[in-house]
Amino acid sequence: MSLQAINALNAKMAELRKQFQTEGQELFRGALTELFDKHPKLESVTLGGYVDYFNDGDECRFSMREYLTKVNGASVDSYGDDEGPNQVSKTIYGKTGETKMVKSWGSNQMEEQAVYGYVPNPDYDPELAEAFEEFQSILNATDETLMQDMFGSHFKVTATREGMEVEEYTDHE
């Protein structure tokens, strides 16, 4: 095999990779457009992924990061966040309304403390929960390699009805 043939193969691979990336983005955008059309309350979805900088001697690999997933700007984990209420989980982690007596740190005195656990989510919206489940299905159906090819190795994407904003995501260790 000559150097010229190797260069031609590399060029072909780059062309196919670009085609793969473009087609993947079009299909992904189409799936999100259908999602927004089906769910009028859905304003935005956010997803993210990155390659770890350090993995204790193991290979650093790309993966999607669930904790970056948001619906309408709010985290979908059970804690919610400062950007808005979690509207897709039936329960959230918070004060249960109960208290218990515990030994005070550094002394033998007893003090009353709130009990935390999973409680009903007052902001739960079944329509947004369904939209989130469908969004998760789209993410699960999309190969991580395709995600990396479409958006890069360190990204956070926010999609709205108007389009997608792709940011570089480097706020991780």
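In helix H1, the buried residues are Gln21, Gly24, Gln25, Phe28, Leu32, Leu35 and Phe36, as seen in what is a predicted model. The cover over these buried residues of H1 includes strand S1 (44–51), helix H2 (126–141), helix H3 (144–151), S7 and S8. An α-helix has 3.6 residues a turn, so residues three or four places apart point the same way.

**Helix H1**

- Helix H1 takes in residues 3–38, and its 36 residues should span 52 Å at 1.5 Å a residue; the C-alpha atoms at its ends are 52 Å apart, which agrees with that expectation.
- Lysine 38, which lies in helix H1, counts as partly exposed because its relative accessibility is 49%.

**Salt bridges**

- A search of the whole structure finds 3 salt bridges, and the pairs are set out in the points below.
- Side chains of opposite charge can pair when their charged atoms come close.
- Lysine 38 forms a salt bridge with glutamate 130, with 3.9 Å between the closest N and O atoms; since lysine 38 belongs to helix H1 and glutamate 130 to helix H2, the pair ties together parts that are 92 residues apart in sequence.
- Glutamate 130 is itself partly exposed, its relative accessible area being 39%.
- Lysine 38 also forms a salt bridge with glutamate 134, where the closest N and O atoms are 2.9 Å apart, and this pair links distant parts of the chain, with glutamate 134 in helix H2 and lysine 38 in helix H1, 96 residues apart.
- Glutamate 134 has a relative accessible area of 21% and is therefore partly exposed, the cut-off for a buried residue being under 20%.
- Aspartate 125 forms a salt bridge with lysine 41, the closest N and O atoms being 2.9 Å apart; aspartate 125 sits in the loop between S6 and H2 and lysine 41 in the loop between H1 and S1, so that this pair, too, links distant parts of the chain, 84 residues apart.

**Strand pairs and hairpins**

- Strand S5 (residues 91–103) pairs with S6 in the antiparallel sense, over 10 bridges, and methionine 101 has glutamate 112 in S6 as its bridge partner.
- The hairpin of S5 and S6 has 6 residues between the strands, and within this hairpin glycine 106 takes a positive phi near 85°.
- Strand S7 (residues 154–160) and strand S8 (residues 163–168) run antiparallel and are joined by 6 bridges, with alanine 159 standing opposite methionine 164 in S8.
- How many residues lie between S7 and S8 in their hairpin? There are 2 residues between these two strands.

**A nonpolar surface patch**

- Tyr93, Tyr116 and Tyr118 form a nonpolar patch on the surface, and together they have about 350 Å² of accessible area.
- Tyrosine 118, one of the residues of this patch, lies in strand S6 (residues 110–120) and is exposed, because its relative accessible area is 53%.
- In a regular strand the side chains alternate between the two faces of the sheet.

Methods: Residues are numbered from 1 along each chain as its sequence is written. This is a predicted model: local features need pLDDT of at least 70, side-chain atom pairs count only at pLDDT 80 or more; totals for chains, interfaces and linings use all residues. Side-chain values use heavy atoms; hydrogens and water are left out. Patches are made of residues with over 30% relative accessible area and no salt bridge: like charges are joined within 9 Å, nonpolar side chains (Val, Leu, Ile, Met, Phe, Trp, Tyr) within 5 Å. Accessible areas come from the Shrake-Rupley method with a 1.4 Å probe; for residues, only the protein chains shown count as cover. A salt bridge is a side-chain nitrogen of Lys or Arg within 4 Å of a carboxyl oxygen of Asp or Glu. Helices (H or I, at least four residues) and strands (E, at least two) are DSSP runs, numbered from the N terminus. Buried means under 20% relative accessible area, exposed over 50%, partly exposed in between (1.4 Å probe, protein chains only). Two strands pair if DSSP finds at least two bridges between them. The expected span of a helix is 1.5 Å times one less than its number of residues. Contact means heavy atoms within 4.5 Å.
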